[in-house]
Amino acid sequence: MTETQASEPFDTPYAWRRLVLSVLYAAIGGVGLWSSPVVLPTLQTEFGLDRGDASLSYTATLVGFAIGGLILGPLVDRLGVFRPLLIGAIALCAGYVLSAYAQTYWQFLLCQALLIGMIGSAVTLGPLVADISLWFRRRRGIAVALVASGNYFAGAIWPTFIQAGIEDVGWRTTHIAIGLVCLVTMVPLAFMLRRRPDFSLDDIAPMPTVRMAPPVSPNMLQAILVAAGIACCVAMAMPQVHIVAYCIDLGYGAARGAEMLSLMLALGIVSRVVSGFIADRIGGVGTLILGSGLQGLALFLFLSFDGPVSLYVIAGFFGLVQGGIVPSYALIVRDYFPAREAGTRVSLVLTATVVGMALGGWISGEIYDLTGSYEAAFLNGILFNALNFAIALWLLMSGRMRADRAKAAATA
């Protein structure tokens, strides 16, 4: 089969239309990832919680999100993405409406973990990313980056509206409104994404970048990517989950914190799109190293400056530099594993990043309760980021060394 013949089913006008619909679905459904940080201070007051316990709302959502990703990945490989998308839309509506009537914090956590996290929002990342990767070859990097940006679109749009709703009508009415918006928008989008690939998955080749030999066995590589995903997102969670509470502690108010979160995630969209173009040129591993290194620098800046103007600037810088990290894992998986395993393996690695976000959000809250400030929490994020950077660098160097040895042996 020639290059032209192999690429014919991919990068088509339909694929680009599907990409737009997938991004819209992810941007709406991604609300499940960002409502908890905004409502965190309100929950702390209403239910009489400390900062660590209040942070559990975010952790519970992401734990559910992680479990849902593990379940939905293999399901998408077998059945396609339509039914999970439809169920997810209904679950989000039910989760937000029921959480609005929660009389105890544990009832609220159950809604967040089961309906909003595990069934609702989980389909918006790994399953959607895996699905769109099947429809692109030459532009797979940018396609994956755009769908992975869906939750950043959500983060850029939803927090400001949620904070305004909390101030105007209270968090309970705001949650009901979120649920209804999800229902009337996401169900039609799910039906628009009913079509499954009408070509053989065996035709789907890796991206046309220089492919490095795997440095270890496939299962070991999967485990290493899982560890890297957890480490980078423990670091990433510190500013994303706690920026609103951090601004309140500094005396700047919740509204400014929500604005900084929206700025961070809006520029994260730019970062993910740009990283997609970069990944189409240098591959997933190179993109991971670039993003991880710059994220570490941004965390150091958070530790060093806490003025209001400085925080706006650093929040924007953080958004600009870390957005390409998560999509890079999907590209690495698609380079080293068969297309038929895309749903399972991509969802597993991206689920690991969600676990990292959940763990990082909770650990940061606990560190705050122990120390009375966020300084140690930022240091914790920097250490986890260093681990991620080391794994990425090892993956690059060992892969190149193995490729060089194979080339030398072939020449001999």
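Buried means under 20% relative accessible area, exposed over 50% and partly exposed in between, with a 1.4 Å probe and protein chains only. This is a predicted model, in which local features need pLDDT of at least 70 and side-chain atom pairs count only at pLDDT 80 or more, while totals for chains, interfaces and linings use all residues. Residues are numbered from 1 along each chain as its sequence is written, and side-chain values use heavy atoms, with hydrogens and water left out.

**Cysteines**
- The whole structure contains zero disulfides (pairs of cysteine sulfur atoms within 2.5 Å).
- Cysteine 111 is buried at 10% relative accessible area, and its sulfur lies 12 Å from the closest cysteine sulfur, that of cysteine 93, too far for a bond.
- Cysteine 233 is buried at 1%; its closest cysteine sulfur, in cysteine 232, is 3.5 Å away, also too far for a bond.

**Nonpolar core**
- A nonpolar core is a set of buried Ala, Val, Leu, Ile, Met, Phe, Trp, Tyr and Cys residues joined through side-chain atoms within 4.5 Å.
- The largest one has 126 residues, and Tyr25, Val129, Phe302 and Tyr329 have the most contacts inside it.
- Helix α11 (residues 218–250) gives the most to this core, with 16 residues.
- Beyond four places in sequence, phenylalanine 302 touches residues including Pro239, Tyr246, Leu311 and Phe378 (contact: heavy atoms within 4.5 Å).

**Confidence**
- The chain averages a pLDDT of 85, and 91% of the residues score at least 70; pLDDT is the predictor's confidence in each residue, from 0 to 100.
- Residues 1–7 stay under 50 and have five contacts beyond four places in sequence.
- Where pLDDT is low, the predicted coordinates should not be read in detail.

Notes:
Helix = DSSP H or I, 4+ residues; strand = E, 2+ residues; numbered from the N terminus.
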